[in-house]
Amino acid sequence: MQLRYSYRIYPDLGQQQALARAFGCARVVFNDGLRARQQAREAGEAYLSDGALSKRIITEAKRTSERAWLGEVSVVVLQQALADLNVAYRNFFASLSGKRKGRRVAPPRFRSRKDNRQAIRFTRNSRFAVLANGRLRLPKVGEVIVRWSRPLPVAPTSVTVIKDAAGRYFASFVVAVAGEPMPPVDAEVGIDLGLTHFAVLSNGTKVAAPRFLRRAAGKLRRLQQGVSRKQRGSNNRKKAVAKVARAHARVADTRRDWQHKLSTRIIRDNQAVYVEDLCVVGLGRTRLAKSVYDAGWAAFLGMLEYKAARYGRAFARINRFAPTSQTCSSCGRVDGPKPLGVRSWACPCGAAHDRDVNAAVNVLAAGRAESLNVCGAQVRPARVPAPREEAEIHPDAAQFPACSVEGAPSIEAEGTSIQRRSDRSPSGRECGSTAY
Ligand SMILES: [Zn+2]
């Protein structure tokens, strides 16, 4: 399976400039490719093939005076930018035709130099190398200092260099590793994710929601006010913006760290892990959005999934429309929606239930049933997602009204009315969703 190993890197000033150039060239190539395909479509011409596009946008463009500077960066970076575009198109087409499951994927959008996160990818072809002195050699950039927080297990197949909103640089290596099955255990667990608790396990464990963002809210607000007091376009404003970005990055780091610890513990303690397949995007459009993103379920489920694959555990997502919070886990009676704030209830069969634990027990039962369905064997071998692709799929650009929030636990318990705002333009950026 493929894993990502990320390290902080410290390019010097010259290297930072070379990287800025590479980020810029990759963006231009991506946008040129997107524009060429859009124009071909408007002109009623056939879809430009990957090869034809590469020839026109990279090889031939380099010979023109207005794109000659593309020659200053590694050609692999440019090819990989087009590869991202091609993947984005393929995902979009597969989503249109229904071949791709899950939520709708929006057509690719133009990249902006104002994007918070910039990334370029070097493959083996580019001859990047980890040197004996511990530095990372990147073609046409130089030998960059890396802080090796842990050793790379094998030689990487590619490296993505990222500059985040806080101005930090990272090298994210893709390595192919064999699974390392952990010693088998008997326990299996169902997990109910929610907002009152981050997670409730079928064995009765309740994990409180840490609410990192909420806790940092006061500080973030102060920093944000600092920004608005500074003059537009001034250097002090830039500094204040960077401070905000760093504070946000710290929140994200803390959350990720916490999620890693929790997911590792759950995978280590259980042979099979079942979760309800939440519609996170649907919830993100409600007024609970802040809490939902603060919880970071999607990232957490991703961790559970790849760790399960890596350590030889079963993992499955359960259909989100099963009414797990309304069904008695002892007798199977569907008792109807529970009124607001009902944390525990008694079934006519005599069973007394904690609302969330009951839901988790139902998730476990549904997971076991589903895993038996597949040829009466174990859960189907997990399709392991390559952790976080760099391709241009903007999650909130997908315009879909189809996703229900019913399956999401604790929402009805909060007693909130939910308004979906599917017309929201994602983060104020141009969506370009009609042109492809
Ligand atoms: Zn019952």
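**Entry 1: a hairpin and its sheet**

I began with strand β6 (residues 158-163) and strand β7 (residues 169-176), which pair in the antiparallel sense over 6 bridges. I noted that the model is a predicted one, in which local features need pLDDT of at least 70 and side-chain atom pairs count only at pLDDT 80 or more, while totals for chains, interfaces and linings use all residues. For finding my way, residues are numbered from 1 along each chain as its sequence is written.

I wrote down the terms before going on: two strands pair if DSSP finds at least two bridges between them. Helices (H or I, at least four residues) and strands (E, at least two) are DSSP runs, numbered from the N terminus.

I then looked up individual partners, and found that valine 161 has alanine 171 as its bridge partner in β7, while isoleucine 162 has phenylalanine 170. In the hairpin of these two strands, with 5 residues between them, glycine 167 takes a positive phi near 80°.

On its other pairing, β6 meets β2 in the antiparallel sense, again over 6 bridges, and there phenylalanine 122 has valine 159 of β6 as its bridge partner.

The whole arrangement is an open sheet of 7 strands in the order β2-β6-β7-β1-β5-β4-β3, with antiparallel pairing. β2 (118-123) and β3 (129-130) stand at the edges with a single partner strand each, so one side of each is left without a neighbour in the sheet.

**Entry 2: the other sheet I looked up**

I next followed an open sheet of 5 strands, whose order is β10-β9-β8-β11-β12 and whose pairing is mixed. Its edge strands are β10 (206-208) and β12 (314-318), each of which pairs on one side only. From one strand to the next the twist averages 20°, an angle taken between N-to-C directions on a scale from 0 to 180 degrees, using axes that are lines fitted to C-alpha atoms, for helices over the stretch in contact.

Strand β8 (residues 188-193) and strand β9 (residues 197-201) run antiparallel and are joined by 3 bridges, with leucine 193 having alanine 199 of β9 as its bridge partner. Strand β11 (residues 272-276), by contrast, runs parallel to β12 and is joined to it by 5 bridges, and here tyrosine 274 has alanine 316 of β12 as its partner. I also noted that β12 is mostly covered, as 4 of its 5 residues are buried.

**Entry 3: two helices side by side**

Which way do α5 and α6 run relative to each other? The axes of helix α5 (residues 217-229) and α6 come within 8 Å and cross at roughly 165°. The two are therefore roughly antiparallel to each other, a label for angles over 145 degrees, while under 35 counts as roughly parallel, 65 to 115 as roughly perpendicular and the rest as oblique.

I picked out valine 244, which lies in helix α6 (residues 235-269). Not counting residues up to four places away in sequence, valine 244 touches Leu220, Leu223, Gln224 and Val227, where contact means C-beta atoms, placed from the backbone, within 7 Å. Valine 244 and leucine 223 are 21 residues apart in sequence, yet 5.8 Å apart in space, C-alpha to C-alpha. I found valine 244 to be partly exposed, with 18 other C-beta atoms within 10 Å.

**Entry 4: two positive phi angles**

I had in mind that most residues other than glycine have a negative phi. Lysine 140, although not a glycine, has a positive phi of about 60°, and sits in the loop between β4 (136-138) and β5 (142-146). Arginine 211, also not a glycine, has a positive phi of about 50°, and its place is in the loop between β10 and α4 (212-215). With 16 C-beta neighbours inside 10 Å, lysine 140 counts as partly exposed, and arginine 211 has 16 such neighbours and that label too.

**Entry 5: the chain as a whole**

Last, I looked up the totals: the chain has 11 helices and 14 strands, and buried residues make up 31% of its 436 residues. Among contacts between residues at least 6 apart in sequence, 70% join residues at least 24 apart.

Technical notes
A residue is buried if 20 or more other C-beta atoms lie within 10 Å of its own, exposed if 12 or fewer, and partly exposed in between; C-beta atoms are placed from the backbone. Two residues are in contact if their C-beta atoms, placed from the backbone, lie within 7 Å.
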